[in-house]
Amino acid sequence: MAEMMYWEAIRRAHDEEMSRDPLVICMGEDIGVAGGTYKATQGLYDKYGPERVIDTPISENGYTGVGIGASFVGIRPIIEIMSVNFAWLAMDQIFNSAAKVRYMSGGQLEAPVVIRSPGGTAHQLGAQHSARMEKVFMGVAGLRVVTPSNPRQAYGLLKSAIRCNDPVFINEHELMYNMKGEVPDAEFFHPLEGSEVTRAGRDVTLFGYNISVHWCLSAADILAKQHGIDAEVVDLYSLSPLDRAGIAASVSKTHRALIAEEAEASVGVGAEVMAIINEQCFFELDAAPVRVSAVNVPVPYNHKLEKASIPNTNDVVAAVLKMFGKA
Amino acid sequence: MKLEDKKRVLREMLYARRFEERCYEAYVERKIGGFLHLYPGQEACCHGVLEAARPGYDYVITGYRDHVHAIKCGADPKEVMAELFGKETGSSKGRGGSMHIFDVKHRFMGGYALVGGPFPLAVGMAKGIKLKSTDEISICFLGDAANNQGTFHESLNIAAVWQLPVLFVCENNLYGIGTRIDRSTAVIDQHKRVCGYGFPSVQVDGQDIEAVYEAAKIAVNHVRSGKGPYFLELMTYRYRGHSMSDSNKYRSKDEEAEWTKRDPIYILRDRLIKEKALTLDEYKKMDQTIIDEIENEVIRFCEESPEPKVEDLQKYVLADNDPWVKGGAR
């Protein structure tokens with residue numbers, strides 16, 4: 001088991017799949033000669049050449065549609081959109097072409113593309129480079145949405161996404177590319193559906209995904225050490241479909257639930273998980289579920305305001321204590 | 001064009017005309033719902049270009065005015081009409097409708113309803129062809145109004161930079177829904193807009209199938225021989241409204257009458273009659289045979305076909321039992 005960074009894990013998945021199958025290609029802005037803004041495709045241009053590691057013009061809707069069209073004729077494109085904020089421009093092709101083509105063709109045509117893109121608040125990037133968009137993607141039938149919280153998932157989810165015949169959107173995070181973690185040396189494929197109990201506990205379930213899993217884990221440590229509360233942490237690496245059974249199983253065990261998300265609460269992951277809890281296991285609850293979410297503002301530039309706009313570990317701890325009547 | 005081909009294509013174009021007119025009737029009878037965009041007036045565009053290409057082998061993609069393109073690629077007219085009727089036997093099993101005819105086995109890669117949406121998809125198919133080093137080409141049929149979408153510029157640029165085997169066919173029928181081209185578009189001659197992307201573009205009379213065919217032969221040869229993309233602008237006119245919900249108040253009767261004089265079917269018919277390869281009587285007989293064929297075979301098939309089952313509502317959303325969803329075939 002080797003330790004590697006999140007970006008290295010993504011790069012390894014690209015490299016293995018591209019060396020196995022000549023029809024796997026990758027495309028995006030600055031991913032070739034420049035090696036990728038987050039290094040996820042570093043060195044691949046030299047290894048596989050410009051026809052398979054493709055620097056695109058800054059035309060998000062155009063090149064995303066080009067990748068989707070290539071997938072219609074047997075190519076397996078991995079499309080990188082440099083920031084999820086730019087994916088708004090490609091929504092037409094992602095939603096109207098990739099997600100709907102299987103259905104509206106009566107199963108004749110499919111779009112086996114992977115679209116990778118980082119979202120989230122990083123280092124004062126301002127309103128148009130810091131948004132979170134997973135809520136938008138997860139509301140669309142015909143599209144899978146996964147979001148890795150560590151290098152192992154980043155590697156294994158991308159491997160499975162490339163081979164899966166559905167379009168898969170992979171929501172990454174700008175702050176996580178340099179995160180280190182263990183990735184098995186042997187090739188492996190992470191399931192695209194389900195959830196993972198990252199820390200087992202009895203008293204409350206903390207649901208997180210991507211970066212918020214880490215707030216939940218550190219909050220669980222604090223809760224255990226300082227407050228005697230034994231929290232379970234569930235990693236929702238699949239946002240579409242959400243793991244209804246996994247969510248219900250954990251809440252049925254702990255009887256309390258909190259959802260932590262970096263995005264705004266409105267119409268979000270937390271809202272959806274709460275709805276699932278209501279539908280699946282309402283009578284198991286000992287307390288009303290709560291959300292820890294971003295303030296509903298465009299992400300500010302100023303460092304203090306930026307920090308204040310998004311939640312963190314302390315917010316998770318505080319919300320749990322309030323739930324237990326200890327705040 | 002060879003005489004035999006001209007006669008065959010005349011029949012195909014007349015079939016397309018009668019097929020579309022029958023769609024109109026079925027819509028009025030409420031057998032067809034939703035939006036319905038008909039092709040009469042533009043037949044020489046689709047038939048002229050695809051006569052010069054290899055329908056069923058080359059990849060073809062288009063917008064929502066798609067029935068005739070699908071049939072010319074090899075789709076069974078019964079299945080196309082059944083799709084409009086929303087039947088399980090339809091090309092897209094009743095899930096697509098008029099604007100989303102697909103026949104992938106004949107490489108008709110679909111009709112798409114977002115104006116300009118197919119441009120990048122066509123370029124992507126061309127990229128796939130180039131990667132696989134096969135000799136198909138990708139053909140994208142769209143209307144003039146699609147050229148005001150960003151995808152037009154993004155796609156033409158990418159096709160040119162990457163030197164891809166894609167033929168863009170612009171059927172310039174002078175109207176974007178109900179807005180005349182000079183009220184929406186700075187340059188009426190669409191082929192001129194391609195100059196900024198550095199590949200050949202020509203304008204041709206889209207009502208004369210022989211003119212279309214001759215221009216398309218050059219275009220197809222260019223694209224298939226690896227010289228990169230090509231743009232063909234065909235000047236044409238649709239005799240029906242944009243869709244069935246069209247008031248048709250935006251154009252004059254005089255203009256319609258002028259274009260009716262240049263009906264692509266009559267141009268070819270009269271030429272064949274002049275060349276003594278056809279008599280008016282033979283033409284009328286052929287016309288009646290087509291009308292009967294559509295009624296007795298196509299419409300009957302649709303009437304007798306079952307609708308999709310409600311239990312199957314969620315079929316075709318995602319792949320069935322894809323092993324990678326569970327992390328691979330163990």
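Predicted model: local features only at pLDDT ≥ 70, side-chain atom pairs only at ≥ 80, totals over all residues.

**Entry 1: the domains of chain A.** I looked up the division of chain A and found domain 1 (2-183) and domain 2 (196-323). Their centres, taken over C-alpha atoms, are 26 Å apart.

**Entry 2: the interface.** With that rule, I get four salt bridges across the interface of domain 1 and domain 2 of chain A. I also looked up A:Glu264 and A:Arg132, whose side chains form a salt bridge at 3.8 Å, N to O. On the domain 1 side, the elements giving two or more residues are α7 (134-137), β6 (144-146), α8 (151-163) and β7 (168-173) of chain A. I sorted the residues of that side into 13 nonpolar, 11 polar and six charged. Contact joins 30 residues of domain 1 to 30 residues of domain 2 in chain A. The buried area comes to about 2,400 Å², with carbon and sulfur atoms giving 52%.

**Entry 3: B:Gln190.** Is B:Gln190 buried or exposed? I find it buried, because its relative accessible area is 0% and the cut-off for buried is under 20%. B:Gln190 sits in the loop between α7 (181-184) and β7 (201-205) of chain B. Its side chain makes a polar contact of 2.9 Å with that of B:Asn147. Leaving out residues up to four places away in sequence, I list among its neighbours in contact B:Asp144, B:Cys170, B:Phe231 and B:Glu233.

Technical notes. Residues numbered from 1 in each chain as written. Chains lettered and ligands numbered in written order. Heavy atoms only, no water. Domains from an automatic or database assignment. Contact = heavy atoms within 4.5 Å. Buried area = accessible area lost by both parts, 1.4 Å probe. Helix = DSSP H or I, 4+ residues; strand = E, 2+ residues; numbered from the N terminus. Nonpolar A, V, L, I, M, F, W, Y, C, P; charged D, E, K, R; others polar. Buried < 20%, exposed > 50% of the residue type's maximum accessible area, 1.4 Å probe, protein only. Polar contact = N/O pair within 3.5 Å; in protein donor to acceptor, adjacent residues only side chain to side chain.
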